[in-house]
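This report describes the aromatic contacts and the placement of charged groups over rings in the structure shown below.

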Amino acid sequence: MDRVVIATLRRPRGIRGELVATPHTDFPERFADLQRVYVGDREMEVERTWWHGADIVFKFAGVDSMDDAGPLAGNDVEIPENERVPLPEGEYYLSDLMGCKVYDKGELVGEVSDWQELPGQILLTAGDIDFPYRLIQKVDLGERRIDVELPEGLRDLNR
């Protein structure tokens with residue numbers, strides 16, 4: 001089963017086994033209904049979550065003290081990939097694009113191996129080229145193919 005990270009546990013909070021986490025999702029509302037998650041190799045029941053500023057606080061069943069919570073700090077909170085929030089038609093999770101072959105006007109550029117989220121844009125890496133996400137013309141996840149139209153000179157700039 002493939003899983004995706006939705007938060008990273010940073011530190012215990014208080015004496016009741018709560019943990020402060022950094023959220024990693026564009027859908028913060030998803031934390032309201034969480035019931036089960038994975039922390040490391042453990043499947044854990046979520047008793048409740050709530051927001052404290054920009055942080056999300058987790059209370060897990062059976063984690064009832066600071067001593068119980070301490071060893072969980074530093075771990076990611078994961079959910080099964082099939083429990084992600086569904087996206088509208090034509091939108092994609094960046095992780096789904098990993099490994100897709102990128103073609104520029106029919107010519108293979110490489111496979112998507114990384115991405116960077118920068119202010120105002122997302123850059124994808126395919127082969128030895130970084131290109132803006134907005135240059136994508138078509139995505140076919142079934143075929144693991146992305147068609148782009150790279151501006152003249154971009155390939156040379158990246159080499």
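## Charges over rings

A charge is taken to sit over a ring if NZ of Lys or CZ of Arg is within 6 Å of the ring centre and within 35 degrees of the ring normal. In this predicted model, R145 meets the criterion, lying over the face of Y103 at 3.9 Å from the ring centre. A further case involves R3, whose charged end is placed over the ring of Y38, 4.5 Å from the centre of that ring.

## Aromatic pairs

A pair of aromatic rings is described by the distance of the centres and the angle of the planes. Rings of Phe, Tyr and Trp pair if their centres lie within 6.5 Å, and three aromatic pairs are counted by this rule.

One of them is formed by F31 and F58, an edge-to-face arrangement with 5.9 Å from centre to centre and 85° between the planes. This pair connects distant parts of the chain, 27 residues apart: F31 belongs to the loop between β2 (18-23) and β3 (36-39), whereas F58 belongs to strand β5 (residues 55-60). F31 and F58 are both buried.

F58 also pairs with F60. Their ring centres are 5.4 Å apart and their planes stand at 10°, so this pair is stacked, because planes under 30 degrees apart count as stacked.

## Burial and clustering

The relative accessible area of F58 is 0%, and that of F60 is 0%. Buried means under 20% relative accessible area, so F58 is buried and F60 is buried.

One aromatic cluster is made up of F31, W51, F58 and F60.

Notes. Residues are numbered from 1 along each chain as its sequence is written. This is a predicted model: local features need pLDDT of at least 70, side-chain atom pairs count only at pLDDT 80 or more; totals for chains, interfaces and linings use all residues. Side-chain values use heavy atoms; hydrogens and water are left out. Rings of Phe, Tyr and Trp (its six-membered ring) pair if their centres lie within 6.5 Å; planes under 30 degrees apart count as stacked, over 60 as edge-to-face and the rest as tilted. Helices (H or I, at least four residues) and strands (E, at least two) are DSSP runs, numbered from the N terminus. Buried means under 20% relative accessible area, exposed over 50%, partly exposed in between (1.4 Å probe, protein chains only).
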